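This report describes a sheet and a pair of helices. Please consult the sequence and the structure shown below.

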Amino acid sequence: MPNKSLITAEELYTRLKNIKVGASVCQYSLKKCAELVPVINEIQRLKKEKDAVILVHSYVSPEIVYGVADFVGDSYKLSRDAMATKAKTLVFVAVRFMGETAKILNPDKEVLVPATDPGCTLADSITAEDVRRLRTEFPEHTFVCYVNTSVDVKAECDVCVTSANVYQIVEQLKSNKVYFLPDKFMGENLMNEMKKRKVAKEILFWKGTCYVHEEYDAAAIFKVRSEYPDVKIVSHPECNAEVVRNSDFVGGTEQMLDYMRKAKASHFLMLTECGLSARLQSEFPDKNLVGSCTLCKYMKSNTLEGILQTLKAPTSLQRVHIEEPVRLRALKSLDAMFEYTKHIPVKKSAVCE
Ligand code: SF4
């Protein structure tokens with residue numbers, strides 16, 4: 001999948017032609033590919049000149065994933081990829097908190113985020129000041145933050161988690177009092193899972209939601225099941241508890257792809273952002289997706305033109321800068337996660353999505 005050299009319109013079209021996700025922005029003709037190729041090839045040229053790599057989240061537009069990405073995945077995988085590369089500049093085609101996570105782990109590299117609207121309703125639902133206040137209110141609780149948080153919030157917490165390792169990490173915590181933030185649905189799902197595992201923990205949680213995943217409800221699942229009896233329902237833990245309860249598989253972005261790669265079923269309903277459905281259609285054209293998906297406007301504010309402009313002359317807003325004391329405190333919560341996950345049988349870790 002990574003695109004190492006210049007590309008022709010025909011080659012791009014071969015990668016994109018199977019994608020038919022709802023909106024017309026995600027449908028490709030040879031003519032459209034011919035229009036995209038000059039920008040893609042200019043990005044490839046500049047990337048070499050600037051010693052940059054392009055890391056792309058699965059939720060961004062398919063022409064970016066299949067046109068210019070050196071690495072594709074969720075933010076955890078991408079941050080790990082970023083640590084392994086020798087390039088001095090990382091163009092993080094995703095949203096702000098993901099660029100920050102990459103910078104926490106790669107302080108000596110320049111991290112650039114080209115999105116014009118790099119927000120996230122989850123990460124933006126809570127501030128460092130909120131966490132400081134909560135810690136005064138609940139001094140005995142261990143503060144667990146989902147990776148979808150700002151660097152300032154991570155700096156105030158004890159341990160960071162991803163959607164792939166949250167259950168195992170919370171299960172291992174010494175404290176039986178846990179404050180989980182910022183996602184209320186993941187908080188509810190966490191509470192239910194701990195009860196199922198007979199782990200006695202008092203779990204409080206913040207009120208944030210992902211506006212993409214909160215859209216889904218169990219009624220859509222029942223409708224699709226009545227039309228396609230063999231369908232497998234695949235959802236993200238940012239969905240509500242009823243959706244999670246009625247799903248065949250629940251996991252983060254990379255785990256979902258992994259499940260679908262291996263599943264024998266012919267029909268799938270994916271309750272997540274459209275970008276992942278597009279990846280599936282391109283990489284597994286024999287699997288049929290039913291139902292509809294939802295776009296994240298923040299992820300979709302990344303464009304090829306934006307990447308090109310960022311490579312040429314990044315603005316100060318596109319450069320990720322973190323004060324060193326804050327970075328070191330945020331790093332502690334990420335290091336705590338890495339320490340806990342040493343003891344977890346390795347499944348692919350996944351985030352945000
Ligand atoms: S999909 Fe949801 S969690 Fe992911 S960036 Fe968009 S708003 Fe945030």
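Which residue is the bridge partner of V53 in β3? The partner is L90. The model is predicted: local features require pLDDT of at least 70 and side-chain atom pairs pLDDT 80 or more, while totals for chains, interfaces and linings use all residues. Residues are numbered from 1 along each chain as its sequence is written.

**The sheet.** Four strands form an open sheet in the order β2-β1-β3-β4, with parallel pairing. Strands (E, at least two residues) and helices (H or I, at least four) are DSSP runs, numbered from the N terminus; two strands pair if DSSP finds at least two bridges between them. Because β2 and β4 stand at the edges, each with a single partner strand, one side of each lacks a neighbour in the sheet. Five bridges join β1 and β3 in the parallel sense. On average, neighbouring strands are turned by 20° against each other, direction ignored.

| Strand | Residues |
|---|---|
| β1 | residues 52-57 |
| β2 | residues 71-73 |
| β3 | residues 89-93 |
| β4 | residues 110-112 |

Helix α14 (residues 304-312) packs on the sheet and touches β1, β3 and β4, its direction making about 155° with that of β3. Contact requires C-beta atoms, placed from the backbone, within 7 Å. Axes are lines fitted to C-alpha atoms, for helices over the stretch in contact, and angles run from 0 to 180 degrees between N-to-C directions.

**The helix pair.** The axes of α12 (residues 253-262) and α13 (residues 274-283) come within 11 Å and cross at roughly 30°. On the α12 side the contact is made by T253, M256, L257 and M260, and on the α13 side by L276, R279 and L280.

Definitions and conventions. Contact = placed C-beta atoms within 7 Å.
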